[in-house]
Amino acid sequence: MTPIDSRGASSRLASVTRALGVALIPASLLALFMALVYAPAEATMGEVYRIFFFHLPANIASFILFFVAFVAGIAYLRTQNPKWDTWSASSIEVGILASFIGTVTGAIWARPVWNTWWTWDPRLTTVTILLLTYLGYVMLRGAMDDPARRARYSAIYAILAFANVPLVYFSTRLLDRTIHPVVFGGENPNAEGDMALTAPMNYTLLVCMVVGLALFTYFLFRRVLLARREADAAVLRAQLLDAEEVTHRAPLVEARDA
Amino acid sequence: MPDWSDNGFYLILGLLAFWVPVLGYGWSLRSRAARLTEEEALLREELGQGR
């Protein structure tokens, strides 16, 4: 297990992260066992539907992470406290990972079920826009050097970018021409690859969802801890620069006074 | 165990599409933390020498 800095204010978060990391090893094995062995094959799709046990938690995790970034963005604009900028940027980094995994696993599931890797269905189109929007956030941060300015613009961007999330979520519920199945909170009569979950499938989905969300939470905490250490290192670098400047200036001052 | 002859290729691909990025990101966080530890030690050493 990677050593996590446990100094100062980060110590409690570091302890929780370490405990979560340890718990995730058996929990992931259990989720894998349930997804591959415990859950029975689906009536029409057969074995390939099992991808769904990884696809859904990744996508739900990305929505939650983008929501965390949205809330942290608002908190930053209200308080100007850099810790909210750290939470917002870290959530978006991990959210992009989760959204990317959700999109790729979805494309792999679609190939045998829809007979195509990709189609410009409303759900797939909105999720592509979502991913590109958040990649734009990363580029925006990379383009600004001033930390206060970067944090302010990033917070505004994180708040505005969140408008994509409800669009993605409701694209399968409100638009008629989508073929993406709706698992919770609605039905889509045009869905291709819809499934009726039996009790063992529901238990498996529940376990995979809890483990998946815990996994991305673990990544978020580790990313926040890393960002705090990066900030500490930046302070040390600045102190060293100051110390070097003083060392170089001292002989000049002595020479001038002499 | 699943019947791997029934679209097993896509199932394996789906599992890899989840676990490879997850393990890759975990490894990247780990290596970034290790690099920071080294850099911090070096900076502290240099600051100590400067005083």
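1. Which residues in α5(A) are buried? They are A:Ala151, A:Ser154, A:Ala155, A:Tyr157 and A:Ala158. Here "buried" stands for 20 or more other C-beta atoms within 10 Å of the residue's own, "exposed" for 12 or fewer, and "partly exposed" for what lies in between, with C-beta atoms placed from the backbone. Covering the buried residues of α5(A) are, among others, α2, α3 and α4 of chain A.

2. A quick word on what you're looking at. This is a predicted model, in which local features need pLDDT of at least 70 and side-chain atom pairs count only at pLDDT 80 or more, while totals for chains, interfaces and linings use all residues. Residues are numbered from 1 along each chain as its sequence is written, and chains are lettered from A and ligands numbered from 1 in the order in which they are written. Helices (H or I, at least four residues) and strands (E, at least two) are DSSP runs, numbered from the N terminus.

3. Back to α5(A): this helix has 15 residues and spans 20 Å from first C-alpha to last, close to the expected 21 Å. The expected span is 1.5 Å times one less than the number of residues. Helix α4 of chain A (residues 122-142) has 21 residues and reaches 30 Å, close to the 30 Å expected.

4. The buried residues of α4(A) are A:Arg123, A:Leu124, A:Thr126, A:Val127, A:Leu130, A:Tyr134 and A:Tyr137. Their cover includes α3 (82-114), α5 (147-161) and α6 (164-174) of chain A.

5. Now put α4(A) and α5(A) together: they pack at about 175°, with axes 10 Å apart. Axes are lines fitted to C-alpha atoms, for helices over the stretch in contact, and angles run from 0 to 180 degrees between N-to-C directions. The two helices are therefore roughly antiparallel (over 145 degrees; under 35 is roughly parallel, 65 to 115 roughly perpendicular and the rest oblique). On the α4(A) side the contact uses A:Thr133, A:Tyr134, A:Tyr137, A:Leu140 and A:Arg141, and on the α5(A) side A:Arg150, A:Tyr153, A:Ser154, A:Tyr157, A:Ala158 and A:Ala161. Contact means C-beta atoms, placed from the backbone, within 7 Å. By class, that contact has 7 nonpolar, 2 polar and 2 charged residues. Ala, Val, Leu, Ile, Met, Phe, Trp, Tyr, Cys and Pro count as nonpolar, Asp, Glu, Lys and Arg as charged, and the others, Gly among them, as polar.

6. Next, α2(A) against α5(A): the angle is about 140° and the axes are 8 Å apart, which makes α2(A) oblique to α5(A). A:Ala69, A:Phe70, A:Gly73, A:Ile74, A:Tyr76 and A:Leu77 of α2(A) meet A:Ala151, A:Ala155, A:Ala158 and A:Ile159 of α5(A). This contact divides into 9 nonpolar, 1 polar and no charged residues.

7. With α3(A), the axis of α2(A) comes within 7 Å and crosses at roughly 160°, so these helices are roughly antiparallel. Their contact has 18 nonpolar, 12 polar and 1 charged residues.

8. Last, the chain partner. The contact takes 34 residues from chain A and 27 residues from chain B. On the chain A side, α1 (11-38), α2 (52-79), α3 and α7 (199-257) are the elements that give two or more residues, and α7(A) gives the most, with 14 residues. That side of chain A divides into 21 nonpolar, 5 polar and 8 charged residues.

Terms used. Two residues are in contact if their C-beta atoms, placed from the backbone, lie within 7 Å.
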